[in-house]
Each structure stands twice: as C-alpha cells, then as structure tokens.
Amino acid sequence: MTAERRDLLVAWALDCGFDRAGVATLEPSRHGDALEEWIARGDHAQMGYLERRVEVRLDASKLLEGARSALCVAQHYSPPAQPNELNDLWSGVARYARGRDYHDTMTPRLRELGERIEAAFPGVRTRTYVDTGPVLERELAERAGLGWVGKNTMLLDRSSSWFLLGEILMTLDVEPSDPLADLCGQCTRCLDACPTGALPEPYRLDSRRCISYWTIEHRGAIPMSVREELGEWVFGCDVCQEVCPWNHKTDAVRAEDFELQDQRGSLDLAGLLTLSRDEYVERFRGSPLKRSKLQGLRRNACVSAGNRGDARLVPSLLELLTTGEVVERGHAAWALGRIGGSDARSALERALEVECDASVLPEIESALRALETPPSGDSLESSNSP
Ligand code: B12
Ligand code: SF4
Ligand code: SF4
C-alpha cells in the first residue's frame, strides 16, 4: 500500500518537471559523525550557518512536527561546455550557474507538488526545501535512492552528478525507495584532479581550500596566498565533476533553464570588470551569480584575469583600479601585477600616490614588487583551466 503511494508520489514529481524522484524515511543521520568532525576541523570555513542547528541537520524530522518521510527530487543540468577563449567569462562559471537560479525554478514546482500531496491526503502537512534549510540534502537523497555519495562528496548515479536536489518533508507514511550501490570502486580521479587539494581524503571536502567556496561563499578580500590557486574560475568550480567517469556521457543532455541566456551570454571578462550597477541588475536578473553580488563577481574576475595573464584585460583593470570599491581596487592591483607591462606599472605607480585605503596600499606595493621580479617560465599559466 505505502509502496503504491510511493510510486504515485514519484510519478507526480516527474509530472511537475523533475527528472528523478524517490522517497526516504525520516530518521537520524547515518553519517552524523562526518558532519560533526567536519565542523570541528573547521572544514566549513566561514560558513557559520553550518555550525548552527546541527541537531536539526542531523535529524530532519525535527523540522516538521510529525514528519515521517521525505520526497526527494533531482533536477539535471548539463549545458554544452563553453569555449575556453582567453577573454571568455562563461568557461569560468560552474555549469549549474550559467542559466536560471535553481532555487527560483525548483521551489515553485516543489510547492505545487506539496499542495497536490496535501490535497490528496487530507490532514497531511508538508514542508519544502531547496538548499534553504538545515537539511543534509545529499544524505537524504541518497537514502531516497537518487544516487550514492561519491568520494568528491557529490551525489551521483550512473547518469551523472550534474543534478541539483530539493525535498518535501511529509507527515505521511510512505515505503522508502531502494538505495543505490556505491560505484566509485578504486577510482580516485576526483581526489587527484582537485587543483587546490580540497579533497584531502575520500568523502571529505575542506572548504578552506575549495574554489567553489572562495568564489561563491567568501565575502571580502580573497587572501593573496589563495588567489593563484583559483585559476580561471569566476564562480564555482566543476573540476572534481568534470573528471568523474560517470559524467562523461552526458554532454548531450539539454536543460533549457540552465542554458546561458542572451542578456548575459554576450558579456565577457573585460565587460564584467567594468559593468555598471544598472547593467548588472539588468543582465543578472534571475541568475545564481547574484549570490556574489557585483563586487564579489568583479573581485573574482580580477583574480581570473590575473591568472589568465591576458594583456587585453589591462584597460578594464586600470579602470577598476581607479573607480572600483576597496576590495575591487586591491584585486585589480594584484591582477595588474601578474599581467605586467608598462601601462600596468605606470598605473600602479600613480595609484600608489593617490590611494588612501590602508588595505589597498599593500596590494599596490606588492603588485609593484611582483613587476620587479621577472616571471618564471610558467608562472602566468593557469594549471586548472575549466
Ligand atoms: C555548504 C555547501 C557547499 C560548500 C561545502 C560543500 C561540501 N562538500 O560540504 C561549498 C561552498 C564548498 C559547496 C560547493 C559545491 N556545491 Co554545495 N552545498 C552546500 C550545502 C548548502 C550544505 C552541504 C553540507 O551540509 N555539507 C556538510 C557535509 C559534511 O555534508 P555532506 O557533504 O552533505 O556530507 C554528508 C553525506 O555526504 C555523508 N557522508 C560523509 N561521509 C561519507 C562517507 C560515505 C562512505 C558515505 C556513503 C556518506 C558520507 O555524511 C555527511 C553528513 O550526512 C548543500 C545543500 C544542503 N543543504 O545539503 C549544497 C549542495 C551540496 N551543493 C551543491 C552543488 C551543486 C555544489 C557545487 C557543485 C557547486 C559548484 N559547481 O561550484 C560545489 C561542489 C563541491 C563538492 N565537491 O562538494 C548541490 C549538490 C548536488 C549533488 N548532486 O550532490 C547541493 C546539494 C545543493 C542542492 N540543493 O542541489 N557547497
Ligand atoms: S569544487 Fe573544485 S576546488 Fe572544490 S573540491 Fe571540487 S575540484 Fe576541488
Ligand atoms: S571521480 Fe571516481 S571516486 Fe570521484 S566521484 Fe567519480 S567515480 Fe567516485
């Protein structure tokens, strides 16, 4: 009976446009130790919200009184890879983030699904999440049969790890779906390929080293010691997924919501460096990149520009060095110090005369010092082109 119910709910989830769905019973986390150790080690970096409500994270039933089960959904994305030209912005943006924000596309459909469940089962209550609450979404979805947790910590199935997760908690008894077997085997490609060593051991991600953390979640200046390692990424990072053998056959999947939209597609790295606030609002409406705000995106674009070493980006960096906010000026100076050339040097010397901010001055001084040191053969090449 409850198995029929499960099949019905899964069918409704597919009706609502989700690619896959499954049901998990709500019970305390089976890998709770992993979360506690992760936080104790400081692997969450400055994402302070992950330290809070740990007891709820470890037991999602605490989020809804009387909750018995969760309907978990997967939304696949895999737009075709973008060309990796020197000045191209979008090859430095994680695949999930090139189109519409998944919170905006998944949440209304999940709510609609929740309403359908409540209408069909009078008295049942539901609660919907898409990365919006203290839920261990991957572990829950793993129990709902949507994949296994890979050594890169991603949930994946035989089709790929290119999918996002959401769930509806329900006060309804439903037979759970069958979990999938872990098919990572002896493979360690993701651990070996991570450009920053952010996967020091299987199933453990150290956010303090993760490019995705620095480019999406971190606010303020990026420490100088980290910048070179970020390579050409501007928002997020896909390296530990790109190398996964289970992800190699999915480039043909088309997911319209996740495709690059025209109003943003024409923007390149130079354009982002000098984008006005009005243009930013216009072009980035509904984009997940808004999470970094304009200042964070420009900061990341400077780091990417410095690591690309493309002299065509110098004029835009010069403009940012004089007109940008504090963090942008500091990062623009750093990028100019990496790219070099006489224009960069004279602009940095001028900036040293007029700059008043105590955090930008050392950036300019350090950039000028970098220009005095002749670059070694490969120091301007990025080791982790997306
Ligand atoms: C914080 C966060 C981040 C942080 C930290 C990532 C991390 N690995 O924890 C940062 C900013 C780095 C990040 C990056 C990314 N994220 Co993120 N992130 C989250 C968030 C909000 C919480 C994750 C969390 O609780 N981490 C704490 C750790 C301890 O938990 P966990 O990794 O889930 O691990 C649990 C299990 O995996 C299990 N486990 C641990 N060890 C072992 C061992 C074995 C053998 C097994 C079987 C299980 C197991 O135990 C843990 C506790 O239950 C979730 C949404 C959510 N609410 O869950 C999205 C989420 C995980 N992110 C997502 C995405 C898409 C990304 C990026 C791909 C974005 C990008 N392209 O840049 C990268 C991927 C980086 C990576 N390899 O994980 C998706 C993942 C979808 C999927 N298919 O897995 C999620 C689920 C968002 C969503 N709603 O779709 N993210
Ligand atoms: S997202 Fe990038 S930096 Fe983070 S663990 Fe994966 S490969 Fe490493
Ligand atoms: S690259 Fe290999 S170890 Fe890493 S998640 Fe994929 S199959 Fe598992």
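## Around ligand 1

Helix 7 is the biggest contributor to the shell around ligand 1, giving 4 residues. Helices here are DSSP runs of H or I with at least four residues, strands are runs of E with at least two, and both are numbered from the N terminus. This is a predicted model, where local features need pLDDT of at least 70 and side-chain atom pairs count only at pLDDT 80 or more, while totals for chains, interfaces and linings use all residues. Residues are numbered from 1 along each chain as its sequence is written, with chains lettered from A and ligands numbered from 1 in the order in which they are written.

In total, 36 residues surround ligand 1, and the closest are His 31, Ala 94, Glu 137, Ser 212 and Gly 236. The elements that give two or more residues to this shell are helix 2 (32-41), helix 5 (137-143), strand 6 and helix 7 (211-217). A residue makes the list if its C-beta atom, placed from the backbone, lies within 6 Å of the molecule. Sorted by class, the shell around ligand 1 has 22 nonpolar, 8 polar and 6 charged residues. For that sorting, Ala, Val, Leu, Ile, Met, Phe, Trp, Tyr, Cys and Pro are nonpolar, Asp, Glu, Lys and Arg are charged, and the others, Gly among them, are polar. The shell also draws at least three residues from each of domain 1 and domain 2.

## Around ligand 2

Ligand 2 has these residues around it: Asn 152, Cys 194, Thr 196, Ala 198, Leu 199, Leu 205, Cys 210, Ile 211, Ser 212, Cys 237, Val 239 and Cys 240. Helix 7 and helix 9 (239-242) are the elements that give two or more of them. By class, the shell around ligand 2 has 9 nonpolar and 3 polar residues, and no charged ones.

Across the boundary, 32 residues of domain 1 are in contact with 33 residues of domain 2, where contact calls for C-beta atoms, placed from the backbone, within 7 Å. On the domain 1 side, helix 4 gives the most, with 3 residues. That side has 12 nonpolar, 13 polar and 7 charged residues.

Going through the pairs, strand 1 and strand 2 (residues 69-76) are joined by 6 bridges, with Arg 20 opposite Ala 74 and Val 23 partnered by Leu 71. Strand 2 and strand 6 pair over 8 bridges, and Cys 72 has Glu 167 as its bridge partner in strand 6. Strand 3 is joined to strand 6 by 4 bridges, with Thr 126 standing opposite Met 170.

## Burial and helix packing

How many of the residues of strand 6 are buried? The count is 8 of the 8, so strand 6 is largely enclosed by the rest of the structure. (Buried means 20 or more other C-beta atoms within 10 Å of a residue's own, exposed means 12 or fewer, and partly exposed is in between, with C-beta atoms placed from the backbone.) In a regular strand, side chains alternate between the two faces of the sheet. In strand 6, Phe 163, Leu 165, Glu 167 and Leu 169 point one way, and Leu 164, Gly 166, Ile 168 and Met 170 point the other. Strand 1 is mostly covered too, with 5 of its 6 residues buried.

## Two residues with positive phi

Arg 53 is not a glycine, yet its phi is positive, at about 50 degrees. Arg 53 is found in the loop between helix 2 and helix 3 (54-57) and is partly exposed, with 13 other C-beta atoms within 10 Å. Thr 153 also has a positive phi, near 75 degrees, and lies in the loop between strand 4 (148-149) and strand 5 (155-156).

Methods. Two strands pair if DSSP finds at least two bridges between them. Domain bounds come from an automatic or database domain assignment. Two residues are in contact if their C-beta atoms, placed from the backbone, lie within 7 Å.
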